[in-house]
Amino acid sequence: MATERYNPRTSEPRWQKAWEEARLFETKNDDGRPTYYVLEMFPYPSGRIHIGHTRNYTMGDVVARYKRAKGYNVLHPMGWDAFGMPAENAAIQNKIHPKEWTYDNIATMRSQLKMMGLSLDWAREFATCDVDYYHRQQMLFIDFYKKGLVRRKTSKVNWDPVEQTVLANEQVIDGRGWRSGALVEQRELAQWFFKITDYAEDLLSAIDGLDDWPEKVRLMQRNWIGRSEGLSIRWALAEDTAPAGVGELEVYTTRPDTIFGASFLAVAPDHPLARKAAEGNPALATFIEECRHMGTSVAALETAEKKGFDTGIRVKHPFDAEWTLPVYVANFVLMEYGTGAIFGCPSGDQRDFDFANKYGLPVIPVVMPEGADAATFEITAEPYVDDGVMLNSRFLDGMSNKEAFEEVASRLEKETLDGKPVAKRKVNFRLRDWGVSRQRYWGCPIPMIHCDTCGVVPVPKEELPVKLPDDVDFDRPGNPLDRHPTWRHVKCPQCGADARRETDTMDTFVDSSWYFARFTSPHADSPVEKDVVNRWLPVDQYIGGIEHAILHLLYSRFFTRAMRDTGHLDLAEPFKGLFTQGMVVHETYRAEDGRWLTPAEVRIEGSAGERRAFEIATGKEVAIGPLEKMSKSKKNTVSPEDITESFGADTARWFMLSDSPPERDVEWTDDGAAGAHRFVQRAWRLITEAAPAIGDITPKAARDGDAAAISKPAHKALKAVGEDIERLAFNRAIARIHELVNDLQGPFAGLDKADEETRAAAREATEILIHLIAPFMPHLAEECWAAIGGKDLVAASRWPDFDPELVLDNLIVLPVQINGKKRGDLTIAREADQAAVEKAVLELDFVQKALNGAPPRKVIVVSQRIVNVVA
RNA sequence: GCGGACGUGGCGGAACUGGUAGACGCAAGGGACUUAAAAUCCCUCGGGCUUCGCCCGUGCGGGUUCGAUUCCCGCCGUCCGCACCA
């Protein structure tokens, strides 16, 4: 019997309206059921939602709908990470105010998201650029300040000497400003910092408790914090080479054991000693000046060619005053790490080795692998960086390098230089304090006032918020707040004299470090309401991109601790479960003249192996580029409307989760989307064609007979899909649903002639199928539910329970291997014991043939799994 | 440069804690239905061979094991992060 095709264009808006009218997704804080908080990283309002966003939100939505069906009070909110540079770039390019640009984008993207049928609580929506939000962020800043978690110090920025502005790292390309093309300089500015390093130890050790985080993210965070135990060693300068007034150089090392392999010391270009030495040395000053043009990013420094400059200063070896070593200024030594100075042991470190070879410095092997011969061991092509046995190291010879570490540390702790110990044991962290100052307009103003007499004074809370002025211009580069005629002029809250506002705004990472807490009480006067936020946090399942694995998550973990220590909430870890999803990628197309083309502008011919692309407008062939993350610049984006208009939101949701595992990238293909839509129609047809036969039947599972062929696969799928969703294995869940539909296809064909028992089983299986589909394709599920005469909404109904008896089979099929290769199967009762299985296996034809009359050497029976006969 | 991942048919991928490699889907080929098309349904689909079965096969080279996509060692390739992109 033919039924009409499912029409998502009419169906989807209808059900979205039904959910909205029933206010199904508006979460009440005082609901008594157990809570479940699922959150996807909120988007930056760049202009349009693309399919990559929607994949992320669909994952969260599947979890939210599933958990709701499992009886939880689910919080699933949405907001906008709305401050940031693109709004200012748009202001400069298109003469549109950042606020207008941002709120326009939000309006567009909100309506795009709504088309996806996401079960979001829109009543809690906010944007971080809402005055209401950044007002509370300023409260938090002042609380942190009063708690001693904020400090001011100087740090380096990228300075564009032509534009006279600070550049972000991404705006520095090959050491030049992206707009001006001028060579970037490093410049020191006084800036605001959060003292995240106060929590370094705790942020590190608490990672152990984050069981529901991916191991790779935990590892990345550990490495980022970078705790090391080492020795801080003071090296005396040789008097005749030292600049006036400087007597020593302090070096941090994690390898004091290699101290007899040292052949040079190196300091950062902005180390005080380097500056001092440069005063009387123009060539050195020139070298340091060159280093200052490298930009400030660590990646840029470390990928640059390693260069050093001999200062002429020499230091005395701590164990031998007669032995002196040269001090270099080196472009790869970072002032921010340790003491900004290192000693180089070329035989034990690749970078030191390269450096020594470049500048003709000695390479003395001091550690060799266990068992090597000290008389013949040499370092030639590469250094030896692993643990081992000491050599060429006087009193350390023969010790393990671990013992040598202890020996050097305890000896140097006792030695003195100018009356103080030569060395101190020191725990060092790679993690640096978090610089939050940005010299930009479109961010949360830092609520501080500079007074000539009182110094830095926080804005009194009752005078908050410090609002961004609307009347700004972007005709010139630089921070419009700085040149605003009136905004920065205020009275000092302490003495009443004329004073100046801080014109720096906050890093947008601050905005995203507590939004998850704000969602619990989005309209409260205080940043959060303690009892409410305590009940909802931590977020049960947080979902977002791997690109945020370190900074955003670390900052949020710091913020939660800081909010705890300022009395706003009572927990340390904001995210219980974390999932990092992959990106949606698409081929790129580029015309001969270099223009990027969108997928819609291109026609594809041929198939696998020999595909060619042609520009529709010109008919000319264009190059097919590699799969890349969808981006505006490469034009390889697919927008949700493209799909919803042709196939509907359900098809898009289904496709994005179907093939690739969620943590991996997914390639958007039109064929794949069409295939997903075929399944939508197939499920619709299966259910609506069955509807007349099962309309008035009471659902009942069948355990035996033909009808069990309907109930068993349904209950097996019910069990598997539930487990797969819990594990976020959406692609597997979808494969299980495909299998169920395949399994039901046959038995459902003759339903109109079937007996009562079969119809009851079919009714039950259909209800299960609809529930399985519902988290993924909620609109289709509602339409199917209505088609079989279901009352109420699927979105408001309970997840069914599977019958444990139906998911187990009495007979199982065991693969049988001979010498590890599969040669056949054995069908046997599930409860058969080891001996019975072994006996049955040895009776099999192909086993006897393989054994050729001889007894088997061994029979391995892995219960319920496999049998291996070793001949 | 440092840190982290990933690599399986023509394609996306599945394979639980070391236990049947290729589930499920896409593409392709063949067939049915149709005046025709679309839609739908059925069959084939890693490679090879002496094809009732055997051999090879999970980036490459070794190793451990009764058994390795999975564990170990060494390579190769691709991707992500690196503190002012969000």
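User: What makes strand 8 (residues 227–236) largely enclosed by the rest of the structure?

Analyst: Quick caveats: this is a predicted model, where local features need pLDDT of at least 70, side-chain atom pairs count only at pLDDT 80 or more, and totals for chains, interfaces and linings use all residues. Residues are numbered from 1 along each chain as written, chains are lettered from A and ligands numbered from 1 in written order, and side-chain values use heavy atoms, without hydrogens and water. Now, buried means under 20% relative accessible area with a 1.4 Å probe, protein chains only. Eight of the 10 residues of strand 8 are buried, so it counts as largely enclosed.

User: How do you know that strand 8 pairs with strand 18 (residues 423–429)?

Analyst: Pairing takes at least two DSSP bridges, and a strand is a DSSP run of E, at least two residues, numbered from the N terminus. Strands 8 and 18 share seven bridges, antiparallel, so by that definition they pair. Ser-232 faces Lys-424 there. Strand 9 (residues 248–253) is also antiparallel to strand 8, over six bridges, with Ala-236 opposite Glu-248.

User: Why are strand 11 (308–317) and strand 13 (341–344) at the edges?

Analyst: The open sheet runs 11-12-10-13 with mixed pairing. Strands 11 and 13 each have a single partner strand, so one side of each lacks a neighbour in the sheet.

Key:
Helix = DSSP H or I, 4+ residues; strand = E, 2+ residues; numbered from the N terminus. Buried < 20%, exposed > 50% of the residue type's maximum accessible area, 1.4 Å probe, protein only.
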